[in-house]
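This briefing goes through the structure shown below by topic.

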Amino acid sequence: MVTVLQRCQVSPPPGTTSEKSLPLTFFDLRMVDSSVKLLFFFECTSISKNHFLESIIPSLKQSLSLSLKYYYPFAGNLIFPPNSGKPEIRYLERDSASLIFAESSSDFIHLTGKQTRDTTEFLSFLPQLPPESMSHDTLVVPISSFQVTLFPDSGICVGLHLHHAIGDGSSVVKSFLKTWASITKAGGDATFLSGEFVPYYDRTRLRDPEGLEFETIVWNVLEKAKEEWSQPHHLKPNNKVRATFVISHATAQQLKKLVLGRYPFPSHISTFTVTCGYVWSCLAKARAACGKDDNEMAHFVTEMDCRSRLDPPLPATYFGNCVLPSVACAKTAQLKGSDGFVIGAKSIGDAIHKSLHHTGGVLKTVKNLGLQWAAASKGWLLESFSSPKFKMYDIDFGWGRLKTNEDLSIDDCEAIAVGDGQNEGETEIIVSNPKPIMDAFVSIFSFGLQTLDEEVKKLGANNFIRKAADGKLDDVEADMSFKFNKTLVLNLSNYVRIDIIFFI
């Protein structure tokens, strides 16, 4: 049960932000049909309703306004010009972001547990995006909506519902959300905003010297299916349940030993690859146990942050989307076999290595991109959202430590969310599936970890860990969600049946 206490619109401080427009790059256009749905639960047993109304609400309004001074796109709109013009983000004076304050009588401890819970239990804590409108034949689509819900004497939930075209996880979580939280904790003092907290908006370094106009190709494909994806992103119940699983640092090391025992010199191995490989294999077994086709091809898609890999590199503070997919593939029958985890982890590592070390640079040469996407849209597709690199548990509004976070975007497709854990070295995986598959997954996941030490001993791999060249096993930075657009995939492949090269 959720009761709305207050609805408001928040703008940057008067006179601080001029009218601006921000063109959408190829990276942004890939996300134009997707949304970001995040919940952050903070445990704070000392906050009463009166304190929330008299102190927390005014503080959050002020700190959000100060944050929007620097992160103006969150107060702006997606603009779709008439005559099929490419969309852009536009901020006009007096534009604002929607902010809702609410109170809930739901069980905070239950919601923030790691056990299986119904996905519909979380919908009331995520705000709807405001409705779109028409202005002089131009479609105006609000970008963001925020909701802060009080659980009296238990905790607070901060919910974000955004159009994905505004930015990837690095922009939304590492930059904007941590800025808002830090200003709130500092009592409205934004003087610390410098360096890593100042967004970089310049798009001129994302150029196309060969004139391939990849943005135009992508937009032409998306525009044909506009009626399908431009509908409001309403929150809809589904038949799924969700649960959170934890891989400790020690367990990750054991998983690496299993991979190295079978493949002593893998192209790429990290906590991320072995974690995702293990979950991928467990899900394949769970799906097979529930009667799913075990002869189909399986694809695992994760997004890689490309800022530091451009030539020249973009600043880490670049605001927008700057990620590309890495697609691993394997036969479902292999994934559910006795060596399924090892095969899955190696496939993911190989795909990441290929993407990172492609001849000519990770973004200068992206070959067969359309064909790769088209292949991934067939068979069983599992996506990985979020990233341990976002350090979610470092978000601090000053109310207390983050208890847990939920990515509701994974309920819209077949996906998992992989992030950092509450304790040092932990990795958390959020899984959303129909209950029969989830029940099977829980059993398979737990049993596999219980027998992990025994499996390592069988391989004689207890003392075998290969270090990377720099002395450590680096984790790749995956990124926030993108909902796989089959319409874009299948049509884009018509443009890139041969090798396509686009330059950044």
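Two strands count as paired if DSSP finds at least two bridges between them. By that rule S8 and S9 are a pair, running antiparallel over three bridges. The model is predicted. A search of the whole structure finds 29 aromatic pairs, and an open sheet of seven strands is present as well.

- S8 and S9 form a hairpin with two residues between them.
- His 136, in the turn of that hairpin, has a positive phi of about 55°.
- Ser 135 has Thr 138 in S9 as its bridge partner.
- S9 also pairs with strand S4 (residues 77-80), in the antiparallel sense and over four bridges.
- Opposite Phe 80 stands Leu 139 of S9.
- In a regular strand, side chains alternate between the two faces of the sheet.
- In S9, Thr 138, Val 140 and Pro 142 point one way, while Leu 139 and Val 141 point the other way.
- The residues on both sides of S9 are buried.
- Because five of the five residues of S9 (residues 138-142) are buried, the strand is largely enclosed by the rest of the structure.

**The seven-stranded open sheet**

- The strand order is S7-S12-S18-S17-S15-S13-S14, and the pairing is mixed.
- S7 and strand S14 (323-331) stand at the edges with a single partner strand each, so one side of each has no neighbour in the sheet.
- Strands of a sheet pair through backbone hydrogen bonds, either parallel or antiparallel.
- Within this sheet, strand S13 (residues 297-305) and strand S15 (residues 380-385) pair in the parallel sense over five bridges.
- Thr 302 has Ser 384 in S15 as its bridge partner.

**Aromatic pairs at Phe 151**

- Among the 29 aromatic pairs are two that involve Phe 151.
- The ring centres of Phe 41 and Phe 151 are 6.3 Å apart and the planes are at 50°, so this pair is tilted.
- Phe 41 belongs to strand S3 (residues 35-43) and Phe 151 to strand S10 (residues 144-151), so the pair ties together parts that are 110 residues apart in sequence.
- Phe 41 and Phe 151 are both buried.
- Phe 125 also pairs with Phe 151 in a tilted arrangement, with 5.3 Å centre to centre and 50° between the planes.
- Phe 125 lies in the loop between strand S7 (117-118) and strand S8 (133-135), and is 26 residues from Phe 151 in S10.
- Like Phe 151, Phe 125 is buried.

**Aromatic cluster and charges over rings**

- One aromatic cluster is made up of Phe 42, Tyr 71, Tyr 72, Phe 74, Tyr 91, Phe 146, Phe 176, Trp 180, Tyr 201, Phe 319, Phe 397 and Trp 399.
- Tyr 72, one of the cluster residues, has the charged end of Lys 20 over its ring, 5.6 Å from the ring centre.
- The charged end of Arg 242 sits over the ring of Phe 122, at 5.8 Å from its centre.

**Helix packing**

- Two packed helices are described by the angle between their axes and the distance between the axes.
- For helix H8 (residues 271-289) and helix H12 (residues 435-450), the axes come within 8 Å and cross at roughly 130°.
- H8 and H12 are therefore oblique to each other.
- The crossing of H8 past H12 is right-handed.

**Single residues**

- Ala 333 lies in helix H9 (residues 332-335).
- The relative accessibility of Ala 333 is 39%, so this residue counts as partly exposed.
- The C-alpha atoms of Ala 333 and Lys 285 are separated by 8.8 Å, and the two residues are 48 residues apart along the chain.
- Arg 94, in the loop between strand S5 (88-91) and strand S6 (97-104), has a positive phi of about 80° although it is not a glycine.
- Arg 94 has 70% relative accessibility and therefore counts as exposed.
- Asp 153, in the loop between S10 and strand S11 (155-163), is also not a glycine but has a positive phi of about 60°.
- With 45% relative accessibility, Asp 153 counts as partly exposed.

Note on methods. Residues numbered from 1 in each chain as written. Heavy atoms only, no water. Phe/Tyr/Trp six-rings, centres within 6.5 Å; stacked < 30°, edge-to-face > 60°. Buried < 20%, exposed > 50% of the residue type's maximum accessible area, 1.4 Å probe, protein only. Lys NZ or Arg CZ within 6 Å of the ring centre and 35° of its normal. Axes fitted to C-alpha atoms, helices over the stretch in contact; angles between N-to-C directions. Parallel < 35°, antiparallel > 145°, perpendicular 65-115°, else oblique. Left-handed = near helix turned anticlockwise from the far one by under 90°.
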